[in-house]
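This briefing covers a ligand site and the record annotations that go with it. The sequence and structure come first.

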Amino acid sequence: MTKILMVCLGNICRSPLAEGILKSKLPQNNFTVDSAGTANYHSGSQPDQRSIAVARKYGLDISNLKARQFVVSDFDSFDYIYVMDESNYQNVLSLARNEDDKAKVEFILNETYPNQNHPVPDPYYGGNEGFENVYNMLDEACSIIAKKLN
Ligand code: 4NP
């Protein structure tokens with residue numbers, strides 16, 4: 001079983017989309033995909049309605065996901081930890097206990113644009129087009145991840 005964790009700040013906009021998209025591209029029997037936020041403000045909440053809507057538009061149902069905060073034991077539970085932006089990266093790395101933990105963390109858009117550390121922009125305070133943009137970026141990156149891991 002290969003285990004992949006998607007991480008953003010609130011775990012209600014970007015990482016639940018990344019979770020739903022990657023899950024849809026991988027066989028469930030061999031892969032676990034989950035998501036978490038570095039902050040706990042939305043713990044227990046379902047994804048933002050705008051993320052649910054854009055996912056639904058592309059045939060994915062993410063309405064049952066529940067936000068949770070990233071925990072140190074996630075370094076043990078997952079093989080790959082994909083972050084959305086620099087702030088997520090720093091927050092997750094600050095919890096790493098050793099080099100093995102650190103080596104699991106990668107910017108998700110480095111799959112699409114290697115070594116550039118491009119962010120998936122936080123769409124929370126913007127309009128619906130931000131969610132559409134995020135969806136397309138994540139879909140492209142997740143296609144590459146799925147091809148690589150499957
Ligand atoms: P996310 O977006 O990190 O993609 O889930 C955000 C959601 C909520 C907040 C910030 C970003 N917030 O400040 O409440």
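Helices and strands here are DSSP runs, helices of at least four residues (H or I) and strands of at least two (E), numbered from the N terminus. The model is predicted.

**Record annotations**
- An unreviewed UniProt entry lists residues 2–148 as "domain: Phosphotyrosine protein phosphatase I".
- UniProt, again in an unreviewed entry, places the feature "active site" at Cys8, Arg14 and Asp122.
- These three positions are spread over 115 residues of sequence, yet they cluster in space, with a largest C-alpha distance of 8.7 Å.
- Cys8, Arg14 and Asp122 are part of the lining of the largest pocket.
- Arg14 belongs to helix α1, which covers residues 14–25.

**Ligand surroundings**
- The ligand sits in the largest pocket.
- Residues around the ligand are Cys8, Leu9, Gly10, Asn11, Ile12, Cys13, Arg14, Tyr41, His42, Asp122, Tyr124 and Tyr125.
- By class, this shell holds 7 nonpolar, 3 polar and 2 charged residues.

**Ligand contacts and burial**
- A polar backbone atom of Leu9 is 2.9 Å from an oxygen atom of the ligand.
- For Ile12, a polar backbone atom is 3.0 Å from a ligand oxygen atom.
- On the side chain of Tyr125, an N or O atom is 3.4 Å from an oxygen atom of the ligand.
- Taken alone, the ligand exposes 360 Å², of which the protein buries 92%.

Key:
Residues are numbered from 1 along each chain as its sequence is written. This is a predicted model: local features need pLDDT of at least 70, side-chain atom pairs count only at pLDDT 80 or more; totals for chains, interfaces and linings use all residues. Side-chain values use heavy atoms; hydrogens and water are left out. A residue is near a molecule or strand if one of its heavy atoms lies within 4 Å of it. A polar contact is a pair of N or O atoms within 3.5 Å; within protein, one must be able to donate a hydrogen and the other to accept it, and residues adjacent in sequence count only if both atoms are side-chain atoms. Accessible areas come from the Shrake-Rupley method with a 1.4 Å probe; for residues, only the protein chains shown count as cover. On a 1 Å grid over the protein atoms alone, a cavity is a set of points where a 1.4 Å probe fits but cannot get out, and a pocket is an open set with protein on both sides within 12 Å along at least five of seven lines; lining residues have an atom within 4 Å of a point. A molecule sits in a cavity or pocket if more than half of its atoms lie within 2 Å of its grid points. Ala, Val, Leu, Ile, Met, Phe, Trp, Tyr, Cys and Pro count as nonpolar, Asp, Glu, Lys and Arg as charged, and the others, Gly among them, as polar. UniProt positions are given in the numbering used here, feature names are shortened, and annotations may be inferred rather than shown by experiment.
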